[in-house]
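Welcome, and please open the model in your viewer. We will go from stop to stop, selecting a few residues each time.

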Amino acid sequence: MKVVEVAGEWDPRPDAELSAQEREGRWTRNASLAWRSPRWSVGQREVPSIRHPHDVLVRVRAVGICGSDAHLFETDADGYVLLPYRVRLPLVPGHELAGEVAEVGAAVRSVRPGDPVAVHTLQYCGVCSACRAGLPSHCTDAEDQGFSIDGGMAEYVLSRESNVVPLAGLRERFSESDIYEIGALCEPASVAYLGMFARAGGVQPGATVAVHGCGAIGLAAIALARAAGAASVLAFATNPARAELALRLGADEAFDVRALSEAGTAAGEVTLERTGGNGVDMAIEAAGAAGAVLPQIERSLAVGGKVVLLGSQGGSVPLQTMAYMVKGASIYGSIGNIGGVEPVVALHSAGRIDLRPIITDRFPLDRAVEAVNRATEKSAAKVMIHVP
Ligand SMILES: [Zn+2]
C-alpha cells in the first residue's frame, strides 16, 4: 500500500534531558529535543493485517494535516523539528482520519466492512491512573498513531473497535465524500470539544466567548461555542483569510490581530470594548502562541471566566497571576479527543454545525509532501489529503 513516510536523524541536543528509556528506545516525549533533518516522502508498505479479535482495518479515505504534522516538517535554525510531542521515526504520520471499514476481527460487533468511520488514534492503555479516572485522553502509557507508532497517511490503517466512531448517521445530510472529510475534521473539532466542555465545563447559554487563533481547532471552537448557545463569539486570527473563515464558522466579529496592532489596539482591548467592559466568560487559546495571547486574555476575562488552553507550544510563558485571582478565573489545559468525536458527529448529523468550510486545500495522497508544505502557510486552514 501507498504511505507517507517521515524519516529523520536521531541526534539529541547536548542539553536535552532524556530518560535512559528514551535514549535507548530512540523516541522522545518532545521531538524537538532530539529529531532533526526530517524527510517526508511517499513510499510503499505492507497492508497491516488483523492480529487481535477487536482489530479493525480501515481503508483510509480522508486524512487532515494538523499543525503538529507541519511541525514535524518544519525545523528550527539547528535543523530540529518544531514539534514538542512524543515521536518515534521513521513514521507514517496522520492522526486526523476517516475511512471505510475493510476488515474486522472476530469479536468486533459495532462496525462491519463498508461502514464509514472516523478513527481516533490515541491507543490509550486502559489501566493507568488517568484511564482509570475516566480521562483516557491523558493516558500516561498510550501509543499515539501518527506520532509514536504508524498513523493514517496511508491507504490502510489498523485500528481497534474502541477507536473507531461510526459515521453512517451523516448519510442523510452529506455525500459519501463529505462524510469522510467531516470524519477527519472531527479530530481537531473534538480537541476543542473536549477542552471547552469536558475539561472546562462549557459555557451557559448567553455567554460571551473569545477564540484566539483560527486554525482548525479555533475555527471548530467558534462553531461549537455557537452551537452551545453563546450569545457572542469574538475571533482573533493572524491573517485576514482566517478571520474571514471565522465569520463563516459563526463568529459575530473576527479580527486580524496584525491589523489591530497597526491600528494601535489589541485583542484584549477590543474584547473589553465589545463586551461593555465585562470581558468574556470563556477565552480559548488555540493559537499555540500563549506568550502573545495570554496577556490579551488576562485583561479581558469576565468574573468567573474560564481560559482553555488548546494550542501546543514548547517552553514557558509569564502568567499575571493577579489577573486570575481578581477575576476568580480558572485555566484549563486539555489535550486529545477521546469522547469528543461522537458529539461532533452527532452535531453534524443533526445539522447543528458544519465544519466543511475549514478545509481550504485538497491534495491526493501522492502529493502529500506538497500538501504538508502548503499546511505550513498561514493562509491555509485545513489541508485535507484524499486517498483515492
Ligand atoms: Zn492509560
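Rings of Phe, Tyr and Trp (its six-membered ring) count as a pair if their centres lie within 6.5 Å; planes under 30 degrees apart are called stacked, over 60 edge-to-face, and the rest tilted. A search of the whole structure with this rule finds 5 aromatic pairs.

Before you click, some notes. This is a predicted model, in which local features need pLDDT of at least 70 and side-chain atom pairs count only at pLDDT 80 or more, while totals for chains, interfaces and linings use all residues. Residues are numbered from 1 along each chain as its sequence is written, and side-chain values use heavy atoms, with hydrogens and water left out.

**Stop 1**

Select Trp 10 and Trp 35. Strands here are DSSP runs (E, at least two residues), as are helices (H or I, at least four), numbered from the N terminus. Are these two side chains buried or exposed? Trp 10 is buried at 15% relative accessible area, and Trp 35 is buried at 1%. Buried means under 20%, exposed over 50%, and partly exposed in between (1.4 Å probe, protein chains only).

**Stop 2: Trp 40 and Phe 73**

Now select Trp 40 and Phe 73. Their ring centres are 5.9 Å apart and the planes stand at 80°, so this pair is edge-to-face. Trp 40 lies in strand β2 and Phe 73 in the loop between α2 (67-70) and β4 (96-104), so parts 33 residues apart in sequence are tied together. Trp 40 is buried at 10%, whereas Phe 73 is partly exposed at 23%.

**Stop 3: charges over rings**

Show Arg 13 with Tyr 80: the charged end of Arg 13 sits over the ring, 4.1 Å from its centre. Then show Arg 59, whose charged end sits over the ring of Tyr 156, 5.5 Å from its centre. The rule asks for NZ of Lys or CZ of Arg within 6 Å of the ring centre and within 35 degrees of the ring normal.

**Stop 4: the zinc ion**

Which residues hold the zinc ion? Select Cys 125, Cys 128, Cys 131 and Cys 139, whose SG atoms are its protein donors at 2.3 to 2.4 Å. Donors are N, O and S atoms within 2.8 Å of the metal (3.2 Å for Na, K and Ca); water is not among the atoms, so sites may look incomplete. Along the chain the spacing reads C-x2-C-x2-C-x7-C. The 4 donor atoms subtend angles of 103 to 117°, so the arrangement is tetrahedral, a label for four donors with all angles between 85 and 135 degrees. Cys 125 is partly exposed at 27% relative accessibility, while Cys 128 is buried at 10%.

Note on methods. Four donors count as tetrahedral if all angles lie between 85 and 135 degrees; four count as square planar and six as octahedral if opposite donors are over 155 degrees apart and all others between 65 and 115; anything else is irregular.
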